[in-house]
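Open your viewer and keep the selection panel handy.

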Amino acid sequence: MEKFEKLTGVAAPMPLVNIDTDMIIPKVFLKSIQRTGFGKNLFDEMRYNRDGTEIPDFVLNKPQYRSAQILVAGDNFGCGSSREHAPWAIADFGIKCVVSTSFADIFFNNCFKNGILPIVLPQEQVDLLMKDAEKGENARMTVDLEAQEITTSDGDVVKFDVDAFKKHCLLEGLDDIGQTLQKEAAIETYETKMAQERPWV
Amino acid sequence: MSPKTLYDKIWDAHVAHEAEDGTCLLYIDRHLVHEVTSPQAFEGLRMSGRKVHAPDKTIAVPDHNVPTTLDRAKGIENAESRIQVEALDKNAKEFGVHYYPVSDVRQGIVHIVGPEQGWTLPGMTVVCGDSHTATHGAFGALAHGIGTSEVEHVLATQTLIQKKSKNMKVEIPGKLTPGVPAKDITLAVIGETGTAGGTGYVIEYCGEAIRDLSMEGRMTVCNMAIEGGARAGLIAPDETTFAYVKGRPHAPKGAQWEAALTWWKTLYTDEGAHFDKVVTLRGEDIQPVVTWGTSPEDVLPITGTVPFPEDFKGGKVEAAKRSIEYMGLTPGQKLTDIEIDTVFIGSCTNGRIEDLRAVADVVKGKKIKDGMRAMIVPGSGLVRAQAEEEGLAEIFKEAGFEWRLAGCSMCLAMNPDQLSEGERCAATSNRNFEGRQGYKGRTHLVSPAMAAAAALTGKLTDIRELI
Ligand code: SF4
């Protein structure tokens with residue numbers, strides 16, 4: 001997994017509440033064999049007409065937000081099915097950080113597995129960031145995970161909380177596999193022992 | 001030392017690392033892989049430049065998407081299904097895991113191929129990106145389903161990050177009566193405990209009725225542990241198990257066999273070991289059962305009637321109402337009056353040779369009802385070959401059944417074998433969810449002999465009237 005370092009980028013505002021995983025990535029895309037490539041179908045039904053043309057009003061279709069790396073969203077983001085395709089689509093699009101007042105639990109955890117930082121903030125601070133995001137391309141925010149703070153384009157600083165262990169994993173770019181591989185010695189010791197005790201396995 | 005359950009023993013033998021909070025790295029002895037839940041996991045390895053940690057312990061076979069019609073050698077028509085199968089072909093080759101392609105006679109449903117080839121052995125940990133991995137518990141192996149991220153985790157590390165479940169005992173003392181096979185045990189248990197009754201537990205099935213079962217019957221019982229919500233189901237290995245395993249292609253041989261046997265014989269629950277929950281059903285009390293609703297817990301003896309929603313409590317009232325409507329039934333209607341359009345015999349629950357023999361016993365020399373659509377899909381190419389050798393295939397064809405090639409088929413209808421809207425099916429598979437066998441299709445879960453009986457009479461039928 002890529003390390004989550006300091007991120008400076010455009011933030012896209014999506015004030016809609018209850019954005020569910022079906023909106024994030026509709027189920028017709030689940031028959032894919034890839035974990036990548038979902039970015040073009042991120043928010044598919046909100047983003048495209050039935051004929052495949054873009055809906056110009058949708059935030060990520062606007063020129064100033066096409067390369068957004070941060071999403072400032074309404075309450076209860078990521079609710080619905082547990083599909084890991086949702087964070088896969090978000091990451092594939094290039095978004096590395098989502099800010100909201102709350103997240104659905106499974107989605108929240110899936111984010112960390114895929115190098116995405118979900119940040120929970122009180123309403124007034126989300127409102128502040130939402131306003132900043134609405135300024136468009138010139139409003140580049142900085143998310144500093146190490147210092148646990150977001151700096152708006154005006155220089156306002158918003159502090160946020162994050163689980164210490166999850167922070168460590170993101171900073172180091174460790175996914176579950178990465179962490180388990182840190183215990184490779186234990187696995188090897190086990191395998192050596194088993195080659196003696198249960199060689200038929 | 002305090003007495004241990006079978007689950008405790010297998011667990012303890014596989015902990016490669018334990019963190020302070022009790023989170024363990026559980027070592028995985030066998031990783032089974034199929035085409036639907038693995039492509040992203042292999043892709044993940046590729047993206048991070050990782051290898052499969054133990055390709056020798058990894059076995060792949062396509063089953064969910066493969067056509068079961070006799071002309072399947074000409075390829076898969078549905079593009080997405082074809083791509084998933086081709087991806088497995090490619091991944092298996094590139095990562096060097098054991099592979100049984102569609103063209104191999106040993107190909108079949110992953111949970112049938114594993115035991116058949118001797119990959120599944122007592123005391124092992126077995127995982128697969130598939131919930132019915134529970135099947136392998138019949139060997140006294142700790143076996144459960146995992147998600148795609150975990151598939152990748154196991155591929156890369158041969159371990160799984162786990163916390164221990166609780167112990168539950170399901171005891172079936174006494175003998176089964178004629179016409180009651182393993183399928184009725186497992187359905188009756190779910191009817192008793194509910195689909196969430198096993199949540200948080202690993203079940204050990206025991207008692208005389210379980211001991212008396214063949215390995216194939218035991219696989220049928222453990223297969224549906226997951227429908228009872230359990231993480232896994234287990235049966236302690238015994239002489240029946242050892243006899244089944246011996247001589248299979250990947251079973252240990254010679255001195256290793258002796259060593260393995262010595263260890264396997266220690267795999268039982270110690271006298272006085274603690275179970276967090278115990279359920280007991282007497283073998284004599286279990287009757288041939290059938291599901292009436294859209295949850296595997298909607299089980300009734302075949303002699304019963306469709307229930308009234310008001311007979312239930314709490315949230316189940318609404319669910320029962322919805323189920324009965326979906327199933328197109330009338331409360332109070334006799335179950336044996338329910339007419340069937342289609343019969344599906346197969347799946348990892350009941351697609352083995354003994355299941356097919358049970359069907360042949362019922363239909364030999366008879367004809368299925370006019371207009372009935374009936375198919376038999378063997379669980380593997382080897383099951384199919386054996387059924388042909390034993391003359392079962394001839395019996396099926398003469399009776400009017402379609403005799404298919406191996407795969408999951410109409411168990412989940414990911415290939416073209418599907419129910420149409422409103423079509424009613426007696427199925428030997430394990431899930432009767434809304435839409436499981438096709439959009440708006442209606443499924444009644446039954447044993448193989450009961451499915452065969454329904455094919456003859458055109459109705460749900462008490463098998464005891466035909467024997
Ligand atoms: S037969 Fe059915 S339950 Fe078994 S693995 Fe295939 S789809 Fe799953």
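**First stop: a pocket in chain B**

The lining of the second largest pocket is made up of 10 nonpolar, 5 polar and 5 charged residues. Here Ala, Val, Leu, Ile, Met, Phe, Trp, Tyr, Cys and Pro count as nonpolar, Asp, Glu, Lys and Arg as charged, and the others, Gly among them, as polar. Before going further, note that this is a predicted model, where local features need pLDDT of at least 70 and side-chain atom pairs count only at pLDDT 80 or more, while totals for chains, interfaces and linings use all residues. Residues are numbered from 1 along each chain as its sequence is written, chains are lettered from A and ligands numbered from 1 in the order in which they are written, and side-chain values use heavy atoms, with hydrogens and water left out.

Select B:Pro181, B:Ala182, B:Glu354, B:Ala358 and B:Ala449: of the 20 lining residues, these are the closest to the pocket centre. The space in this pocket is about 390 Å³. Pockets and cavities come from a 1 Å grid over the protein atoms alone: a cavity is a set of points where a 1.4 Å probe fits but cannot get out, a pocket is an open set with protein on both sides within 12 Å along at least five of seven lines, and lining residues have an atom within 4 Å of a point. Grid points are joined across faces, edges and corners, and a volume is the space filled by probe spheres set on the points.

Now show the helices α6 (182–193), α8 (215–223), α13 (353–363) and α16 (448–457) of chain B, each of which supplies at least two residues of the pocket lining. The largest share, 5 residues, is that of α13(B). Helices (H or I, at least four residues) and strands (E, at least two) are DSSP runs, numbered from the N terminus.

**Second stop: the cavities**

How many cavities of 30 Å³ or more are there? The count comes to 2. For the largest cavity, with about 40 Å³ of space, select B:Thr186, B:Val189, B:Ile190, B:Thr193, B:Ile203, B:Tyr205, B:Met224, B:Ala225 and B:Gly228. Helix α6(B) gives the largest share of this lining, 4 residues, and β10 (201–206) of chain B supplies at least two. By class, the lining has 6 nonpolar, 3 polar and no charged residues.

The second largest cavity also holds about 40 Å³ of space. Its lining is B:Tyr7, B:Trp11, B:Leu26, B:Leu142, B:His144, B:Gln162, B:Ser165, B:Val202 and B:Arg231.

**Third stop: the ligand**

The shell includes B:His64, B:His111, B:Asp130, B:His132, B:Cys348, B:Cys408, B:Cys411 and B:Arg436. In total, 5 nonpolar, 5 polar and 2 charged residues make up this shell.

From B:His111, go to B:Arg248: the two are 137 residues apart along the chain, with their C-alpha atoms separated by 15 Å. B:Arg248 sits in the loop between α9 (239–245) and α10 (254–264) of chain B. Leaving out residues up to four places away in sequence, B:Arg248 touches B:Pro115, B:Glu116, B:Gln117, B:Gly118 and B:Lys253, where contact means heavy atoms within 4.5 Å.

Staying in chain B, find the open sheet of 5 strands in the order β5-β4-β3-β6-β7, with parallel pairing. Two strands pair if DSSP finds at least two bridges between them. The edge strands, β5 (98–99) and β7 of chain B, each pair on one side only.

Finally, move to chain A, where 7 strands form an open sheet of mixed pairing in the order β4-β3-β2-β1-β5-β6-β7. Its edge strands are β4 (117–120) and β7 (157–159) of chain A. Strand β3 (residues 97–100) of chain A pairs with β4(A) in the parallel sense over 4 bridges; select A:Val99 to find A:Ile119 opposite.

Key: Near = heavy atom within 4 Å.
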